Amino acid sequence: MATTTDRSETTTANGGTAVSPPKSKVALITGITGQDGSYLTELLLNKGYEVHGLIRRSSNFNTQRINHIYIDPHNAHKARMKLHYADLTDASSLRRWIDTISPDEIYNLAAQSHVAVSFEIPDYTADVVATGALRLLEALRSHITATGRTHVKYYQAGSSEMFGSTPPPQAEDTPFHPRSPYAASKCAAHWYTVNYREAYGIFACNGILFNHESPRRGENFVTRKITRAVGRIKIGLQSKLFLGNLQASRDWGFAGDYVEAMWLMLQQDKPDDYVVATEESHTVEEFLEKAFGYVGLNWKDHVEIDKKYFRPAEVDNLKGDSSKARKVLGWKPKVGFEQLVKMMVDEDIELAKREKVLVDAGYMDAQQQP
C-alpha cells in the first residue's frame with residue numbers, strides 16, 4: 001500500500017499518545033479518462049492511493065474507460081477516485097484544484113494526442129499540449145511556494161514522436177526532430193519540465209513513451225482502427241478498411257505495462273527522464289498481417305490505401321532504447337507484440353458481436369465503412 005511518511009499523534013483519554021496510521025498518498029491525474037489515465041488509475045488504486053482526476057466539461061460524457069472503477073462520492077468510505085472539472089487551457093482551475101487536493105504526485109497525461117489531427121488544429125494542439133503543461137507546472141510551482149510542500153512530484157507524458165526523423169534506436173540523449181505540431185508541442189512540454197526541475201528544484205520527470213496500445217485505445221488510432229475493423233469484418237458488419245502509409249514502423253507496447261514505468265519514475269530518489277519502449281519495431285503492414293491472420297483472414301482482401309491518411313511530414317521509424325529505464329527503474333515490458341495484437345483483436349471481436357445483436361434487432365445501422 002502506498003503511503004506517506006506523515007504520522008499524526010493524538011493524546012488519549014488516559015494521557016498516553018496514540019499514533020495514527022500513515023495517510024494514503026494522493027495522486028492528481030490530468031487525462032484520466034484516456035487510455036493511459038484509466039490504466040494508471042487502476043494501478044494507483046491497487047497501491048492504496050486516493051486518486052483525483054481532472055476532466056473537461058463536455059456535452060457528452062467520455063468516462064467509459066473508467067466507469068468500471070467509478071464509485072459515487074456519496075459512498076465516501078469506498079470512493080477513492082474523484083473527478084473534478086478543469087482544463088489545461090484554464091490556469092485558474094489547475095491552481096485551484098492543486099491547492100484543494102494537495103496531491104503528493106501529479107501525472108500530466110492530458111493532450112490533444114492525435115498526430116494527424118494536430119496538422120488540422122495546430123493552434124489548439126499547442127495550447128493544450130505545450131502551454132497546458134506550462135500552466136500546470138506553474139500552478140505546481142506557485143502551490144509549493146505558498147505551502148512549502150516541496151515533496152510533490154510531477155510526471156510529464158512525453159512521446160516518441162518528439163524524435164521524428166532522427167534515426168533509431170532513440171534514447172534519452174537522442175536529438176529531437178519533431179515532424180508534426182503534436183510532436184513539436186510535446187518537445188516544448190518536455191523542456192518546460194526540465195526547466196522547472198532545474199530552475200525551481202521541482203521533482204519533475206519526463207517519460208518518453210513509445211507507442212503503447214490496448215483495447216482501450218481510441219478508435220481513430222491506426223492499431224485500434226485495424227483491430228476494430230478485423231472484428232467487424234469477421235462478424236460481417238464491414239468489408240473494407242482504408243489506411244495510409246503501411247510502411248511506417250513503430251515500437252508498440254501495452255499501455256498497462258507503460259503506466260507502471262510512470263509510477264516508478266516518481267518513486268526514485270532523484271527526478272530524471274526515461275525512454276520507455278519494447279525495443280522492437282514493426283510496420284503497420286506487420287500489424288495487419290498479425291491481426292487479420294489471427295482470425296484467418298487475408299488483409300490484402302480488405303485493405304485499401306487512401307491518400308488522405310498520409311501526413312504532410314511522415315515519421316518512418318521509431319524504435320526505443322529503454323536500457324536506462326530497465327536498469328534504474330527495474331522496468332521491462334510484460335506483453336509482447338503478438339500478444340498485444342491478439343488481446344486487442346479478441347476484445348474487438350466481442351465488441352463487434354454485441355454490435356451485431358443491435359444491428360440484427362434493428363436498433364443500430366451498421367453504417368461505418370463499406
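Reader: How many aromatic pairs does a search of the whole structure find?

Author: The model is a predicted one, and a search of the whole structure finds 10 aromatic pairs in it. One of them is formed by Phe-287 and Phe-337.

Reader: What makes the pair of Phe-287 and Phe-337 edge-to-face?

Author: Two values decide the matter. The ring centres are 5.9 Å apart, and rings pair if their centres lie within 6.5 Å; the planes stand at 75°, and planes over 60 degrees apart count as edge-to-face. The pair of Phe-287 and Phe-337 is therefore edge-to-face.

Reader: Which parts does the pair of Phe-287 and Phe-337 tie together?

Author: Phe-287 belongs to helix 8 (residues 284–294) and Phe-337 to helix 10, so the pair ties together parts that are 50 residues apart in sequence.

Reader: Which residues of helix 6 and helix 10 meet, and how many of the residues in contact are charged?

Author: On the side of helix 6 the residues include Arg-224, Arg-228 and Arg-232, and on the side of helix 10 they include Asp-348, Lys-353, Glu-355 and Lys-356. By class, the contact has 7 charged residues, together with 8 nonpolar and 3 polar ones.

Reader: How do you know that strand 5 and strand 13 are edge strands?

Author: An open sheet is formed by 7 strands in the order 5-4-3-6-7-8-13, with parallel pairing. Strand 5 (81–85) and strand 13 (273–276) each pair on one side only, and they are the edge strands. From one strand to the next, the twist averages 20°.

Reader: How do you know that strand 4 and strand 5 pair?

Author: Two strands pair if there are at least two bridges between them, and 5 bridges join strand 4 (residues 50–55) to strand 5, the two strands running parallel. His-52 stands opposite Lys-82 in strand 5.

Reader: Which strands does helix 2 lie across, and at what angle does this helix run to strand 5?

Author: Helix 2 (residues 91–101) lies across strand 3 (26–30), strand 4, strand 5 and strand 6 (105–108), and its direction is at about 150° to strand 5.

Technical notes. Residues numbered from 1 in each chain as written. Predicted model: local features only at pLDDT ≥ 70, side-chain atom pairs only at ≥ 80, totals over all residues. Heavy atoms only, no water. Contact = heavy atoms within 4.5 Å. Helix = DSSP H or I, 4+ residues; strand = E, 2+ residues; numbered from the N terminus. Nonpolar A, V, L, I, M, F, W, Y, C, P; charged D, E, K, R; others polar. Axes fitted to C-alpha atoms, helices over the stretch in contact; angles between N-to-C directions. Phe/Tyr/Trp six-rings, centres within 6.5 Å; stacked < 30°, edge-to-face > 60°.
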